[in-house]
Amino acid sequence: ARLKQNIETNAQKQKQRDEEFEEKIKSLEEQLISSQKENERLEQCIYKKTQEQEQRKEKFEALKKELALKKENEHILKIKERMIESQKNELREFRKLHEDMVLDDENSQLE
């Protein structure tokens with residue numbers, strides 16, 4: 001009788017351990033699923049942030065090129081302005097020379 005009772009007690013303890021083990025397994029499976037979902041969410045966030053970073057980088061590069069072109073155009077514009085100013089000065093000198101020549105010519109005709 002005692003042996004039978006020990007066997008029943010052991011069987012009940014084993015059954016209880018099995019049930020606790022099953023609950024732990026179930027809990028771990030739920031945690032795993034939850035972790036996988038969180039990982040997927042984080043991967044999506046990382047992908048989105050990476051895409052945004054790439055777009056910002058492309059925009060930055062485009063702005064950098066635009067700035068370089070503006071600087072180059074400003075430089076060319078300054079050179080053109082200097083050339084125009086130089087041509088204006090040459091024209092003034094030419095007109096003055098022409099006036100002087102005309103005056104010399106008139107003076108020589110008067111003499």
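Modeller: Let me begin with the surface patch, a term for residues with over 30% relative accessible area and no salt bridge, in which like charges are joined within 9 Å and nonpolar side chains (Val, Leu, Ile, Met, Phe, Trp, Tyr) within 5 Å. Asp18, Glu19, Glu20, Glu22, Glu23, Glu29 and Glu30 gather in such a patch, and its charge is negative. This is a predicted model, in which local features need pLDDT of at least 70 and side-chain atom pairs count only at pLDDT 80 or more, while totals for chains, interfaces and linings use all residues. Residues are numbered from 1 along each chain as its sequence is written, and side-chain values use heavy atoms, with hydrogens and water left out.

Biologist: Why is Asp18 called partly exposed?

Modeller: Buried means under 20% relative accessible area and exposed means over 50%, with partly exposed in between (1.4 Å probe, protein chains only). Asp18 has 40% relative accessibility, so the residue counts as partly exposed.

Biologist: And what makes Gln109 exposed?

Modeller: Gln109 has 63% relative accessibility and therefore counts as exposed. Buried residues make up 0% of the 111 residues in the protein.

Biologist: How do you know that Glu38 and Arg41 meet in a salt bridge?

Modeller: A salt bridge is a side-chain nitrogen of Lys or Arg within 4 Å of a carboxyl oxygen of Asp or Glu. For Glu38 and Arg41 the N to O distance is 2.8 Å, and their side chains meet in a salt bridge. Because the two are 3 residues apart in helix H1, Glu38 and Arg41 are separated by about one helical turn.

Biologist: What makes Glu61 and Lys64 a salt bridge?

Modeller: The closest N and O atoms of Glu61 and Lys64 are 3.9 Å apart, and the pair forms a salt bridge. Asp100 forms another with Lys96, at 3.6 Å between the closest N and O atoms. The structure holds 4 salt bridges.

Biologist: How many helices and strands does the protein have?

Modeller: Helices (H or I, at least four residues) and strands (E, at least two) are DSSP runs, numbered from the N terminus. The protein has 1 helix and 0 strands; helix H1 covers residues 2-110 and includes Asp18.

Biologist: What is the radius of gyration set against?

Modeller: The radius is taken over C-alpha atoms, and the globule rule is 2.2 Å times the number of residues to the power 0.38. A compact globule of 111 residues would have a value near 13 Å, but the protein has 47 Å. The C-alpha trace spans about 165 × 15 × 5 Å along its principal axes.

Definitions and conventions:
Accessible areas come from the Shrake-Rupley method with a 1.4 Å probe; for residues, only the protein chains shown count as cover. Lys and Arg count as positive and Asp and Glu as negative; His and the chain ends are not counted. The place of a charge is taken as NZ of Lys, CZ of Arg, CG of Asp or CD of Glu.
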